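Please open the structure in your viewer and keep the selection tool at hand.

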Amino acid sequence: MDSKYYVSGPVGPKPVPDGMSRRSFFSAMTIILGGVISSVLGFNLGRYFISPVWATKKENWINISLLEKIPNGIPTSVNYIQRKPDGWMANEGVDTVWFLRQGNKVIAFNPKCTHLGCPYRWDSEKDVFVCPCHTALFSKTGEVLSGPPPRPLDRYPVKTENGIVKILPEPEEGEI
Ligand code: FES
């Protein structure tokens, strides 16, 4: 028989061959798989908890009314449902906007007085907005006529598309 089929050398445990043993291989795979699972879980958990902070703010135009239904030249209040994101939830509530339509142009007023936020009303006899809390008066276009408010009525961005008046109900301080 040819001598290349005989193993010679010391008797005892087999020496560890060069390269990876089976045990080392499984240990390495366990560490790698553990790392991958931890990374995926960590990434998704992190995204879940931080996403409201990082979420890009998108414009949330709200359809309010047909333009033709808003009386021309007469301040008119309209109620609408607004969904407000609150972290991972969304709250719904009824809000109000005051419109002043002048032909095809519409002004949308925040319904809160610019003094301390009381709701005001339209006095059609005197042609003024009246805030009852501290007796402030605003003109039809929102300028302060008397009383403590520090600035005109706040306005919302407003646009008309396909005959529908939409607002972006983020308060805009002062004039448009
Ligand atoms: S809250 Fe309107 S005048 Fe004070």
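Select aspartate 123, which lies in strand β5 (residues 121-123); strands are DSSP runs of E, at least two residues long, numbered from the N terminus. The model is predicted: local features need pLDDT of at least 70, side-chain atom pairs count only at pLDDT 80 or more, and totals for chains, interfaces and linings use all residues. Residues are numbered from 1 along each chain as its sequence is written.

Is aspartate 123 buried or exposed? Aspartate 123 is exposed, because 12 other C-beta atoms lie within 10 Å (buried means 20 or more, exposed 12 or fewer, partly exposed in between, with C-beta atoms placed from the backbone). Leaving aside neighbours within four places in sequence, aspartate 123 is in contact with Val128 and Val130; contact means that the C-beta atoms, placed from the backbone, lie within 7 Å.

Next, select the open sheet of four strands, ordered β2-β3-β4-β9 with antiparallel pairing (strands pair if DSSP finds at least two bridges between them). β2 (76-86) and β9 (155-156) stand at the edges with a single partner strand each, so one side of each has no neighbour in the sheet. Within the sheet, β3 (residues 89-102) and β4 (residues 105-109) are joined by five bridges.

Then move to β10 (residues 158-161) and β11 (residues 164-167), antiparallel strands joined by four bridges. Glutamate 161 has isoleucine 164 as its bridge partner in β11. Between the strands of this hairpin are two residues, and asparagine 162 takes a positive phi near 50 degrees.

Finally, colour the chain by pLDDT, the predictor's confidence in each residue from 0 to 100. The mean for the protein chain is 85, and 80% of its residues reach 70 or more. Over residues 171-176, pLDDT is below 50. Where pLDDT is low, the predicted coordinates should not be read in detail.

Key. Two residues are in contact if their C-beta atoms, placed from the backbone, lie within 7 Å.
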